[in-house]
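This report is written for a reader who is meeting the structure for the first time. Please keep the sequence and the model in view while reading.

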Amino acid sequence: MKTNRKTPIVINGAAFKKLGYRLVDDISDFIDNIEKNPVTTGESPKQLQKIMGTSSLPENGSPAEEILLKASDLLLHHSLLNGHPKFLGYITSSAAPIGALADMLAAAVNPNVGAQILSPIATEIEKQTVKWLAELIGVSPDYGGILVSGGNMANFTAFLAARTVKASKSIKEDGLSNSTEKITVYCSKTTHTWIEKAAVLFGLGTKSIRWIQTNAANKMDNEVLEHTINEDLKNGHKPIMVVGTAGDVSTGAVDDLRAIGSICKTYNLWFHIDGAYGIPAAVIPELKTMFDGIEEADSIALDPHKWLYSPLEAGCTLVKDPNHLIETYSSHPVYYNFDNTGDVPMQNYYEYGLQNSRGFRALKVWLALQQVGRSGYIKMIGEDIQLSRLLFNLAEQHPELEAVTQNLSITTLRYVPSDYPLKNENSESYLNKLNETLLNELQQGGEVFLSNAVINGKYCLRGCIVNFRTSEKDIEEVIEIIAREGKKIHRRTQEKETIK
Ligand SMILES: Cc1ncc(COP(=O)(O)O)c(C=O)c1O
């Protein structure tokens with residue numbers, strides 16, 4: 001024990017190599033053959049518990065080889081595969097293989113990227129990653145920021161900075177409950193649900209949210225926005241921030257960011273952009289105008305684990321003035337000795353966000369940015385958009401599909417049986433039910449995974465392509481699958497109706 005302590009958790013180099021090589025072999029086969037598997041097995045929680053076993057906490061340990069084999073069998077054969085070329089659901093990317101290697105390296109070294117002294121090189125890599133992300137989307141590389149777990153956290157991190165900067169400074173000591181300020185925040189009706197969580201969790205309450213209506217293109221109506229701000233000011237409210245969306249979660253619409261930025265300037269409000277999904281598309285030269293005005297943003301949320309193909313988890317908050325993050329999050333307990341200065345001031349990431357101890361999320365993003373470069377992202381994101389347009393066009397041409405919306409890489413569509421009387425009063429509710437059943441069955445079936453969106457009362461199937469494995473052939477097959485399964489469900493329902 002004095003020198004050679006024996007612990008049950010240690011794995012020496014030779015054993016690690018053997019275990020690691022086996023695991024890497026299995027993962028490599030998985031990557032090469034991913035499209036031969038169903039997108040999901042559709043197994044129920046009960047079935048999975050049976051396969052896993054439900055025994056209580058083991059009293060004693062088991063050989064690492066045995067448990068790793070079991071774990072890789074469970075994960076590789078009983079998962080929903082968001083890396084499958086026909087996974088087009090929600091907004092989770094096919095994960096770049098380099099990210100898996102990066103996570104292994106990051107976990108092995110295990111730098112704590114909360115303080116620079118604890119993570120000297122990892123902190124430098126995170127700083128460079130943040131700078132590169134700013135360059136990628138076309139804002140000044142002087143934006144600072146931090147890697148976080150995903151879109152919700154990236155938006156929360158910015159939301160709290162906005163509150164610190166634009167609401168009364170007394171809140172920091174006295175708390176919101178002692179403030180008479182009636183804070184309000186503004187966003188379009190299509191804004192992702194993070195805003196509700198933020199309003200509840202950070203003391204503003206959901207009544208502080210002004211949900212601004214959208215126009216026919218699903219963008220925030222900026223006249224209504226300005227009118228609402230004016231009304232609130234007249235009524236003694238304290239507007240603090242406007243959230244513009246760059247790629248809304250349902251349809252991919254991008255707000256008129258230039259106009260929102262200018263309204264924020266006029267009324268001295270924080271301008272935040274939720275670009276968690278869509279903002280990487282700003283890298284495409286032909287789409288630059290769609291994102292005009294992003295350089296005005298006080299803060300931007302973007303998610304490498306969405307359209308930069310990073311494995312979960314990787315989000316990022318960018319802020320024009322990084323001191324606003326420090327103002328919001330910094331504290332200096334006596335037990336932190338993190339401020340020793342070397343040649344440049346230390347950048348301690350615990351002062352930039354909600355976490356203190358932090359993992360090294362930046363590595364996988366940093367490596368992918370180098371592996372493919374700006375041109376690689378222009379190619380992949382551009383192709384995803386082309387594929388989404390193909391999905392829309394094929395739906396438009398199909399006699400039994402209705403193409404509903406197409407923006408960035410999101411297409412919405414629905415199945416409309418040709419023998420169904422569309423003008424009938426009940427037809428919309430029938431179609432909604434039919435498409436909801438269709439979505440549920442497709443999600444369980446394993447051939448394709450789509451999600452849903454409700455657009456002007458229409459229940460639609462929604463395909464979001466943030467998937468470098470999807471091809472034109474996949475899209476053609478997805479169209480066939482939707483139409484075939486839609487027809488089956490319609491026939492089944494009609495037969496039931498006749499029997500009644
Ligand atoms: C526009 C937008 N914002 C925020 C989020 C939340 O991101 P996350 O699920 O990574 O927290 C999403 C998720 O789809 C999104 O599309």
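## Basis of the report

This is a predicted model, in which local features need pLDDT of at least 70 and side-chain atom pairs count only at pLDDT 80 or more, while totals for chains, interfaces and linings use all residues. Residues are numbered from 1 along each chain as its sequence is written, and side-chain values use heavy atoms, with hydrogens and water left out.

Helices (H or I, at least four residues) and strands (E, at least two) are DSSP runs numbered from the N terminus. A residue is called buried under 20% relative accessible area, exposed over 50%, and partly exposed in between (1.4 Å probe, protein chains only).

## Salt bridges

Side chains of opposite charge can pair when their charged atoms come close. The whole structure holds 27 salt bridges, each being a side-chain nitrogen of Lys or Arg within 4 Å of a carboxyl oxygen of Asp or Glu. One of them pairs Asp232 with Arg210, with 2.8 Å between the closest N and O atoms. This pair links distant parts of the chain, 22 residues apart: Asp232 belongs to helix α9 (residues 222-234) and Arg210 to strand β3 (residues 209-212). Asp232 is buried, at 7% relative accessible area, and Arg210 is buried as well, at 17%.

A contrasting setting is found in helix α15 (residues 472-499), where Glu477 and Lys473 lie four residues apart, about one turn of the helix. Their side chains form a salt bridge of 2.9 Å, N to O. Glu477 is partly exposed, with a relative accessible area of 24%, whereas Lys473 is exposed at 54%. Elsewhere, a network of salt bridges links Arg258, Lys265, Asp292, Glu295 and Glu296.

## A buried serine

Ser451 lies in strand β10 (residues 451-455) and is buried, with 0% relative accessibility. Its side chain makes a polar contact of 2.7 Å with the side chain of Arg462; such a contact is a pair of N or O atoms within 3.5 Å, where one must be able to donate a hydrogen and the other to accept it, and where residues adjacent in sequence count only if both atoms are side-chain atoms. A polar atom of the Ser451 side chain also lies 3.0 Å from the backbone nitrogen of Tyr90.

## Backbone features

Most residues other than glycine have a negative phi, and most peptide bonds are trans.

The peptide bond between Leu312 and Glu313 is cis, with omega about 0°. Glu313 is placed in the loop between α11 (304-307) and β7 (315-319). Glu313 also forms a salt bridge with Arg361, the closest N and O atoms being 3.8 Å apart.

## Surface patches

Patches consist of residues with over 30% relative accessible area and no salt bridge, like charges being joined within 9 Å and nonpolar side chains (Val, Leu, Ile, Met, Phe, Trp, Tyr) within 5 Å. Ile11, Phe16, Val24 and Met104 make a nonpolar patch of about 330 Å². Met104, in helix α4 (residues 97-109), is partly exposed at 43%.

Terms used:
Areas by Shrake-Rupley, 256 points an atom, 1.4 Å probe, with all protein chains shown as cover.
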